[in-house]
Each structure stands twice: as C-alpha cells, then as structure tokens.
Amino acid sequence: MPAYAVIGAQWGDEGKGKVIDALAESVEYVVRFSGGNNAGHTVINEQGKFSLHLVPSGIFWPQVSCVIGNGVVIDPGVLLEEISGLQNRGVDTSKLYISDRAHVIMPYHVLLDNLEEKAKGGLALGTTGKGVGPAYVDKAARIGIRVGDLLEIDNKDRFFNRFHSVLEQKNTIITKVYGGDPISSDKLIEQCHEWAKGLAQYVQPTEMILQSALEKGSRILLEGAQGTLLDIDHGTYPYVTSSSPAIGGACTGTGIPPKSIKGVAGVFKAYCTRVGTGPLVTELSDTIGETIRELAWEYGTTTGRARRIGWFDAIAARYSSLVNGYTSLILTRLDVLDGISPIKICTGYRLDGKTITYFPTNSETLERCEPIYENIPGWQEPTASVKDLAKLPDGALNYIKRLESFIGVPIHMISTGPNRDETIMIKNIIS
Ligand code: IMP
C-alpha cells in the first residue's frame, strides 16, 4: 500500500537519478510528479549511461511500471525522442504510462520562455529555456492543452477551437510584444497529429492506475525533479521553477493522497550547487569552488551550464526539512570532498549585524546574508565506491554526523559514486 517520495532537498541536481535507479529495485512503480524536460536525471547502470529528462528513472528495472504524472508538463517531441532513444538502446518502455491530465509544452511556450528571458535583460532568471514556465502559466490560466486533449485533435470543442484561440493569442504576444515570428497554425496542427499518434499508446488516467496499485499493495516511488529551494511556493522566489518539487507536488502531481505516503527522503549533495540566478549564501568564488566544479563535473545535464558551487548550507537544509517533513536523508557526492580540509558547514547567517538561524522568505534579504561557518576537519582517504559505512574514514563519519545533527533527521543512504552499487545503505528506505 505505501508510496515513498524522493525529494530534491536543495536547488536540484542532487543526484536523484542515481538514487531513484538504485531504490527502484524494491518497488513496482516509479512516478514523476512535477517539472518537465528542464530536469536531467543521470543514470549509470550495466546498460550504459543515460540522461533522462521526462521518463522516470525506474525504467531500467523489468518489474517497474513508470508513470509520468499529471503534475508534469510534457514537450511531446522531446518525450517521443527520449522513448525511441531508450528503445534503440534495448530498454523496454512498454510499461510507461502518461497521464491524460498532464499539460503539453507547445512550441509557443518554448519560444515565449526564451523571448521573455531575453526581454528581462539583467533581471532574467536563467531558465532552462524549455518552455516549462509558460506551460504552467497556461495551466493556471486555464488555457492549457492537456495530453488527453491532444489525443482528441479532431474534436472541435475539446481541441481544435481552443487550440486556434490560444495560438492566436500567443502569436499576438510573440509578434506585437516581442517582435518575434508567428507560429504557423497549419504546421503546428500537423505536428500535433504526429505527437498524438506517437503518444496515444502510453496515455492513461494514471491516478486510477496508481490507486489500484496502492490497493493491491504495490510499492510506489515518487520521483522528485528540481529541488525544494526552486519550489514555486517554498523556494527562493522569484528565482524558482514554476512547479512544486517539494512534497505537496507529489500529491497534486499524481492523485495519490497524503495518507499513502509512508516515507519522504530528502536528497542532499554533500555541498551546494545552483544553476541560474538567485541567492546562494554559501557560494564559493575561489579555487575551492573551481576545484569542486571540475572534479565533480558540475555542469548542467540539460543545458550544459556551469553550476555555481557553495559549502553545505545547514540553514537552508533545515528549512527544506521543515517544509517536506523528511523521514530519511540521502547524501550524495560525498567523495567529491575527499582531500579537502577544512570543510565548512554554514550554521547561521549574518544579517544587518545580527545572527539569524532561519531561512528568510525574501530573496533580496537572502542575498544580503553572509554565511557563518563551522569548520570540520576533512579526510585524506578516498570514499569513492565505498559500500560499507564502517569503511568510511573517521573524518567523513564526523561530517555525516554533523549534518544529521544540524538537520535533525538521520541519513539512511549515502551515494559514493555514480554507479548503482556505489551506495552505502544504512537503513532501508523502502520497506
Ligand atoms: P525553468 O524551470 O526552466 O523555468 O528555470 C527556472 C530556474 O530553475 C532556473 O534557475 C533553472 O536553472 C532552474 N532549474 C530548472 N530545472 C532545474 C533542474 O533540473 N536542476 C537545477 N536547476 C533547475
């Protein structure tokens, strides 16, 4: 009966793809619940290295059915290409289901995302440019086109009339506000026909599938995308994504009720990264930041952009835990800190001459905060590929303990490398 959620606990890119792939061994369903192809989940297993953007990271396990939930926004061209890319590499996609309630990212969303960012100049958010924000805008404005509507492309009321009225509105904005080129309705209709044909076999009322899975006692893993500090409500607004990557999104984005969620695991990197603009109190602009970026290859899976690097921010981490109610923590990329000493943990902020230990709501306030650090001695021995907690160096164990005590939640899993088996499982997260 239970569902378990795996949530990005920082600004995304915490290594959720590897974690989900490893945990999916013990479940029957893996469900994406928010975001779109702004996400990039890297999975490395015996079948090779994969960068997934929409397909859930459980796709490699034969017993797993994968669901793209209603909270996800789907660029059909990207999804179809991802599915055929997987099939060409021998991955079985026959148990993939797509919610008929998920909204479609249309080419005008992608165009508007980029035009809006350009027009913002210095105030640009640094979006991934995939049309995710504008698609959620239309969802909230109740003019979005859902996957189920796309399949009824020849139905005048359900698709055709609405499509034309929305496209006319979008083309007016594209041409009159931004001076861009309009999108041809004939070409887009033709494309929609192709997308509908390609997607039809996967589309289902997925909330019903998940309800019946829960009734049968199947285990469901809810795969978070992005991170809590990018959440539209709980993140560093306005420098956020347009969806709900925190735990609330796991219910609204799937149709699974909160009472079915038995565990919430927060995935933290052993340090912080962030792509795009917005506050990062512990940002490292020195050679340590450079070293970590190169060592850990901290470049975006989706856009290739260099990620900003910072020390672990325990204030932000505690806030993330408060919002999500973590029952477990998962620590990734511990090995990146091998050989760095001292390691710093931010345990407070200095704001206007005072020390604060809460995470301010306002991004401008957060920008003015200076980190207060606790220095932790590093360790010289390698932790990469270690699979047994007892084999970690004392320095690493001490660092882990300090993080646990700051956040107040136990670490149940540690990732020590990109491969499935480079994992220390301290306590089973799925029972
Ligand atoms: P959007 O989601 O493309 O609208 O981008 C909004 C903000 O979220 C930008 O700062 C992006 O860099 C960031 N963002 C979106 N998706 C991800 C992700 O998967 N990992 C990290 N940052 C992301």
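P342 sits in the loop that runs between β15 (328-332) and β16 (343-351), where helices (H or I, at least four residues) and strands (E, at least two) are DSSP runs numbered from the N terminus. The peptide bond that joins S341 and P342 is cis, with omega about -5°. R333 also lies in the loop between β15 and β16, and the phi of R333 is near 60°, a positive value in a residue other than glycine. As background, most residues other than glycine have a negative phi, and most peptide bonds are trans.

The model is a predicted one, in which local features need pLDDT of at least 70 and side-chain atom pairs count only at pLDDT 80 or more, while totals for chains, interfaces and linings use all residues. Residues are numbered from 1 along each chain as its sequence is written, and side-chain values use heavy atoms, with hydrogens and water left out.

Around the ligand there are 15 residues, of which D13, N38, T128, T241 and R305 are the closest; a residue counts as near a molecule if one of its heavy atoms lies within 4 Å of it. By class, this shell has 6 nonpolar, 7 polar and 2 charged residues, with Ala, Val, Leu, Ile, Met, Phe, Trp, Tyr, Cys and Pro taken as nonpolar, Asp, Glu, Lys and Arg as charged, and the others, Gly among them, as polar.

The side chain of D13 has an N or O atom 3.1 Å from a nitrogen atom of the ligand, that of T241 has a polar atom 2.6 Å from a ligand oxygen, and that of R305 has an N or O atom 2.9 Å from an oxygen atom of the ligand. A polar contact here is a pair of N or O atoms within 3.5 Å. Taken alone, the ligand exposes 470 Å², and the protein buries 96% of that, the accessible areas being computed by the Shrake-Rupley method with a 1.4 Å probe.

Two packed helices are described by the angle between their axes and the distance between the axes. The axes are lines fitted to C-alpha atoms over the stretch in contact, and the angles run from 0 to 180 degrees between N-to-C directions.

| Helix pair | Axes come within | Crossing angle |
|---|---|---|
| α3 (residues 107-120) and α4 (residues 132-141) | 7 Å | roughly 115° |
| α3 and α6 (residues 156-177) | 11 Å | roughly 25° |
| α6 and α7 (residues 185-199) | 12 Å | roughly 135° |

Angles under 35 degrees count as roughly parallel, over 145 as roughly antiparallel, 65 to 115 as roughly perpendicular and the rest as oblique. The angle given for α3 and α4 therefore makes α3 roughly perpendicular to α4, α3 and α6 are roughly parallel to each other, and α6 is oblique to α7. A crossing is left-handed if the near helix is turned anticlockwise from the far one by less than a right angle, and right-handed if clockwise. The crossing of α3 and α4 is right-handed, that of α3 and α6 is left-handed, and that of α6 and α7 is right-handed.

Note on methods:
A polar contact is a pair of N or O atoms within 3.5 Å; within protein, one must be able to donate a hydrogen and the other to accept it, and residues adjacent in sequence count only if both atoms are side-chain atoms.
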